[in-house]
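Biologist: I have a model on the screen and would like to go through the words used for it. Could you tell me what stands behind each one?

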Protein chains: 2
Amino acid sequence: MLFHFRTKFPQLNAYWERYLEFQKRLDIPAKTTLLEEGKKSLNYIFIERGCVRSFFNNNGEDKTVQFFFENEGLASFDSFVNDVPSQFTIETIEPSIVYLLPKKYVTQLMEELSAEPDFLKMILQIAAQRQTHYINEFVSFIRDTPEQRYEKLLKDRPHIVQRVPQHYIAAYLGVSTVHLSRIKSKLAKGKDHF
Amino acid sequence: MLFHFRTKFPQLNAYWERYLEFQKRLDIPAKTTLLEEGKKSLNYIFIERGCVRSFFNNNGEDKTVQFFFENEGLASFDSFVNDVPSQFTIETIEPSIVYLLPKKYVTQLMEELSAEPDFLKMILQIAAQRQTHYINEFVSFIRDTPEQRYEKLLKDRPHIVQRVPQHYIAAYLGVSTVHLSRIKSKLAKGKDHF
DNA sequence: TCAGATCGATAACATATGTTATCAAGTTTA
DNA sequence: TAAACTTGATAACATATGTTATCGATCTGA
């Protein structure tokens, strides 16, 4: 959320910068856990370098739900705001450099921001956009085949396909690793005709 | 959103009531369109009696994404807030009585509400909960089979199964009508063992 | 640098799901 | 009230997808 504020409303950057000093820098290897499923979210996470995923455990199996990359920020929003346990684990995919801003300062920063004129409008705008994002993820399952979802991913967010191991992507698309492999080889054959 | 405010924060009811007079009451038959895909959302809709669905058109086929019932309010949130065309059509399933509150008054009401202490917290709470709802819809496709999704629907929101025609539910679950019929008959057989 | 993990492709088979067609029982409407 | 539409079940067949197993290519840590 903070990430979206800063990128969409640059006039808020001054607020943000006053909190830089409270951030803790972490230089961590791949597969490092930043937040564990079932625990409360205590930090806003900003990614300077690397990438992370959020996933949950389903009968012993990882099910990846989302990917984040450089210059993106995240928190388990519901856990953070409503103080409930996180549904998801957050862990690095690549060796990464991340910054953590403790919840206490985020709350304080939000209070400050609320003094800004039109802050309500900005909140609503961003909340609506985030909501639309998740609705679209969900609609995509109703509307598209796994193959179409993969093609859209390739087109709209190619960096995911390039940097994320395939079995994470398979779970995110809702198919088995074997089937994602089949989809790829089918699409590759299609292109051979040229 | 307004609906959630009122039910979760009853101290805001007084604000709401001042706007009752601006609502237009509609007594309409089934299959009446309240908002058309591609047009901008102009009203907040409150359902007194009946039920409605939101859906989109995909190559000539209806794809239902959500259902709403008595005492629920809705608007195409993104369309409403960000003033973009709605992705979805909203139409009645049963003969219904609904109230429409024009956007102008909603905006005004939100402005008023923002004077209320802790309004920011309320907004964030509700936005987080709505977001969680849609994330869960999406996660359900990653985690569950269509059969499991149907069973959860039956358990968590049985009124949907009771009142909504099956082909709308099939689309919502992401399966063909034929397959939903198979799922139902399979589950019925399972229960015969008692 | 080597042994074990990770990652991805593929085959063979089983199961799940879609498509099309048909039938029957309501509902709605002219 | 008859005709047209809506709703839902089912069969037969085609296709999509999951599961398990195997192989090879990297990658990674002691």
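Modeller: Gladly. This is a predicted model, and in chain A 51% of the 194 residues count as buried.

Biologist: What makes a residue count as buried or exposed here?

Modeller: Relative accessible area decides: under 20% is buried and over 50% is exposed. A:Lys31 is a handy case, because its relative accessibility of 60% lies over the 50% cut-off, so A:Lys31 counts as exposed. B:Lys31 has 60% too, and therefore counts as exposed.

Biologist: Where is that lysine, and what can you say about its phi?

Modeller: A:Lys31 belongs to the loop that joins β1 (24-28) and β2 (33-35) of chain A. Its phi is near 60°, which is positive although the residue is not glycine. In chain B, B:Lys31 lies in the loop between β1 (24-28) and β2 (33-35), also with a positive phi near 60°.

Biologist: Why is α8(A) called largely enclosed by the rest of the structure?

Modeller: Count its residues: six of the eight in α8(A) are buried, and that is why it is described as largely enclosed. The buried ones are A:Tyr168, A:Ile169, A:Ala170, A:Ala171, A:Tyr172 and A:Leu173. Just past the helix comes A:Gly174, with a positive phi of about 85°.

Biologist: And how is chain A built overall?

Modeller: Chain A contains nine helices and eight strands, and its C-alpha trace spans about 60 × 35 × 30 Å along the principal axes. Among its contacts with a separation of 6 or more, 74% are between residues 24 or more positions apart.

Biologist: What is the extent of the interface, in residues and in area?

Modeller: By residues, 36 of chain A are in contact with 36 of chain B. By area, about 3600 Å² is buried between the two chains, and carbon and sulfur atoms give 74% of that. A:Gln131, A:Phe138 and A:Ile142 supply 19% of what chain A buries against chain B, more than any other three residues.

Biologist: How many salt bridges and how many polar contacts cross the interface?

Modeller: For salt bridges between chain A and chain B, the rule finds zero. For polar contacts it finds six residue pairs, both residues of each being at pLDDT 80 or more.

Biologist: Which elements of chain A give two or more residues to the side that touches chain B?

Modeller: They are β4 (52-58), β5 (61-68), α3 (77-82), α5 (119-143) and α8 (166-173) of chain A. The largest share, 20 residues, comes from α5(A).

Biologist: And how do the residues on that side divide into nonpolar, polar and charged?

Modeller: On the side of chain A that touches chain B, 21 are nonpolar, 10 polar and five charged.

Key: Residues are numbered from 1 along each chain as its sequence is written. Chains are lettered from A and ligands numbered from 1 in the order in which they are written. This is a predicted model: local features need pLDDT of at least 70, side-chain atom pairs count only at pLDDT 80 or more; totals for chains, interfaces and linings use all residues. Side-chain values use heavy atoms; hydrogens and water are left out. Contact means heavy atoms within 4.5 Å. Buried area is the accessible area (1.4 Å probe) that two parts lose on being put together, summed over both. A salt bridge is a side-chain nitrogen of Lys or Arg within 4 Å of a carboxyl oxygen of Asp or Glu. A polar contact is a pair of N or O atoms within 3.5 Å; within protein, one must be able to donate a hydrogen and the other to accept it, and residues adjacent in sequence count only if both atoms are side-chain atoms. Helices (H or I, at least four residues) and strands (E, at least two) are DSSP runs, numbered from the N terminus. Ala, Val, Leu, Ile, Met, Phe, Trp, Tyr, Cys and Pro count as nonpolar, Asp, Glu, Lys and Arg as charged, and the others, Gly among them, as polar. Buried means under 20% relative accessible area, exposed over 50%, partly exposed in between (1.4 Å probe, protein chains only).
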